[in-house]
Amino acid sequence: MPASHRGRTMLWLAIAYASLELGLITGGAVAECPDTKCGSVDIPYPFSIGPGRCAMPGFELACKNSRPFLGDFEVVNISLQLSQLRVLNKISSFCYNPASKLMEPNTFQSDLDTPFMLSDTGNKFTVIGCRTLAYIADKDNVGKLMSGCVSACRRGDVTSATNGTCSGVGCCQTTIPKGLPYYQVFFDQAFNTSDSIYNATLCSYAVLMDSSDFKFSTSYLTSPEFNTSYGGRAPMLLDWAIRTVNNCDEAQKNLTLYACKSDKSECFNSSNGPGYICNCTNGYHTEILIDRMVAKVKFLLISS
């Protein structure tokens, strides 16, 4: 066999071997449900585009104009390792109307399907304004969450706020508890009487958002910049898990439905709400496997 043909044969064998080894991580899910993309966002199993056999129940996404959506949330990133989705969440606003001389609210609520919970470790309820009291509450105020955050400026002077500081002057943040699939926003209309300072701060804002890369800017008080940076939305983190059972012990009692089928994956109890997740066994990682596959391809080509 000519060397060039032998080299191509070895390459295809190496690729086939690599695909088989990667498939072991998900117990054959790669072969049955190949990863796909929507625009620039990778959509890995157990997620998939549209209903059908490739997505686990509740993990179906829609691809609209090359952008993936989970219900009304646009998805910007999916992390299998962290079991998280990064989505864009609508920002609630409370703005002064010079014509009516009234503060007018435009508030939103977020309601999630079964596999998802609002991340308590990555998100903070964030309020921006110079005379603002906003509340975050769970569905029908059932008692899991009712919290408020006050943001004020000394004597209404926006210059008292500081870039990069969100500690109550112009900007306020507070945490949420675990196990929340829903939240809603309220503005306190008695406190938010901004008619006296509306020329400086026309609007107040409130949103549950990913706090990891948020940096307060004083320009958020005097312009709509905060609201328009993401088209009226802010990044928010969702924790996901397989929630058909409460934990790994229960899941392993039914191996037919048990999702962690590979001998190179481990079961971990969900840290946010009931359920479990599957992750690579210690020592195995997607990037490590890819490096090994590349090394095997190079070795086989050289040997040929």
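View 1. Ser 223 counts as partly exposed at 26% relative accessibility, where buried means under 20% relative accessible area, exposed over 50% and partly exposed in between (1.4 Å probe, protein chains only). Ser 223 lies in the loop between helix H3 (219–222) and helix H4 (225–228); helices (H or I, at least four residues) and strands (E, at least two) are DSSP runs, numbered from the N terminus. The side chain of Ser 223 reaches the backbone oxygen of Ser 219 at 2.7 Å, and the C-alpha atoms of Ser 223 and Leu 202, 21 residues apart along the chain, are separated by 7.8 Å. In this predicted model, local features need pLDDT of at least 70 and side-chain atom pairs count only at pLDDT 80 or more, whereas totals for chains, interfaces and linings use all residues. Residues are numbered from 1 along each chain as its sequence is written, and side-chain values use heavy atoms, with hydrogens and water left out.

**View 2. The aromatic pair of Phe 47 and Trp 240.** The structure holds 12 aromatic pairs, a pair being rings of Phe, Tyr and Trp (its six-membered ring) with centres within 6.5 Å, counted as stacked with planes under 30 degrees apart, edge-to-face over 60 and tilted for the rest. Phe 47 and Trp 240 form an edge-to-face pair, with 5.3 Å centre to centre and 90° between the planes. Because Phe 47 lies in the loop between strand S2 (41–43) and strand S3 (48–49) and Trp 240 in strand S18 (residues 233–240), the pair ties together parts that are 193 residues apart in sequence. Phe 47 is buried, with a relative accessible area of 3%, and Trp 240 is buried as well, with 8%.

**View 3. The disulfide of Cys 149 and Cys 172.** Among the 7 disulfides of the structure, one joins Cys 149 to Cys 172 with an S to S distance of 1.7 Å, a disulfide being a pair of cysteine sulfur atoms within 2.5 Å. The torsion about the S-S bond of Cys 149 and Cys 172 is about -85°, so this disulfide is left-handed. The pair links distant parts of the chain, with Cys 149 in strand S14 (residues 146–152) and Cys 172 in strand S15 (residues 171–174), 23 residues apart, and both Cys 149 and Cys 172 are buried.

Methods:
A polar contact is a pair of N or O atoms within 3.5 Å; within protein, one must be able to donate a hydrogen and the other to accept it, and residues adjacent in sequence count only if both atoms are side-chain atoms.
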